[in-house]
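Visitor: I have just started learning about protein structures. Could you walk me through this one?

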Amino acid sequence: SNYSFYLNDTLFFKDTVLPSRSDTINYSTQNKVSLSVTLEGFHSKLPKIVNLKQNGKTLQSYKTTSNSLVIYDLNPGKYALSVAEDINRNSLWDTGNPLLNQIPEPIQLSEDFELRLNWDNHFTINKL
């Protein structure tokens with residue numbers, strides 16, 4: 001699908017060079033893929049932090065209490081996921097502190113996987 005967003009001078013986006021000009025932002029979801037993720041063995045009531053990674057860098061981070069998640073509008077390519085259970089509910093993965101006898105929050109890392117156009121892009125992460 002293709003989308004066009006029209007911005008006129010009544011919005012807070014203004015063109016400082018040509019103030020009377022309306023702008024258009026074009027966005028296309030063609031050649032984009034969706035990723036469906038199922039989390040197996042994770043505590044159903046604990047919040048989870050799911051990070052979508054590419055080339056070792058976090059692209060997007062999601063916080064969910066559900067054991068399933070759908071990520072839309074991704075480019076085809078290789079990705080990886082990490083899932084951490086947020087035991088203290090602070091929306092961060094805590095690495096722990098041995099001096100305070102605190103253990104790290106559980107985290108599960110996936111292997112790299114490839115998302116392709118016109119494929120069923122479903123990935124399951126099993127907690128070890």
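Guide: Here are some questions and answers about aromatic rings and backbone angles. This is a predicted model, where local features need pLDDT of at least 70, side-chain atom pairs count only at pLDDT 80 or more, and totals for chains, interfaces and linings use all residues. Residues are numbered from 1 along each chain as its sequence is written, and side-chain values use heavy atoms, with hydrogens and water left out.

Visitor: Is the pair of F113 and F123 stacked or edge-to-face?

Guide: Rings of Phe, Tyr and Trp (its six-membered ring) pair if their centres lie within 6.5 Å; planes under 30 degrees apart count as stacked, over 60 as edge-to-face and the rest as tilted. The ring centres of F113 and F123 are 4.3 Å apart and their planes stand at 25 degrees, so the pair is stacked.

Visitor: Which strands does the pair link?

Guide: Strands are DSSP runs (E, at least two residues), numbered from the N terminus. The two partners are 10 residues apart, and the pair links distant parts of the chain. F113 is in strand β9 and F123 in strand β10.

Visitor: Is R89 buried or exposed?

Guide: R89 is in the loop between β7 (77-85) and β8 (107-109), and has a positive phi of about 55 degrees although it is not a glycine. Buried means under 20% relative accessible area, exposed over 50%, partly exposed in between (1.4 Å probe, protein chains only). With 51% relative accessibility, R89 counts as exposed.

Visitor: What is the phi of S91?

Guide: S91 lies in the loop between β7 and β8, and at 34% relative accessibility it counts as partly exposed. Although S91 is not a glycine, its phi is positive, at about 65 degrees.

Definitions and conventions:
Helix = DSSP H or I, 4+ residues; strand = E, 2+ residues; numbered from the N terminus.
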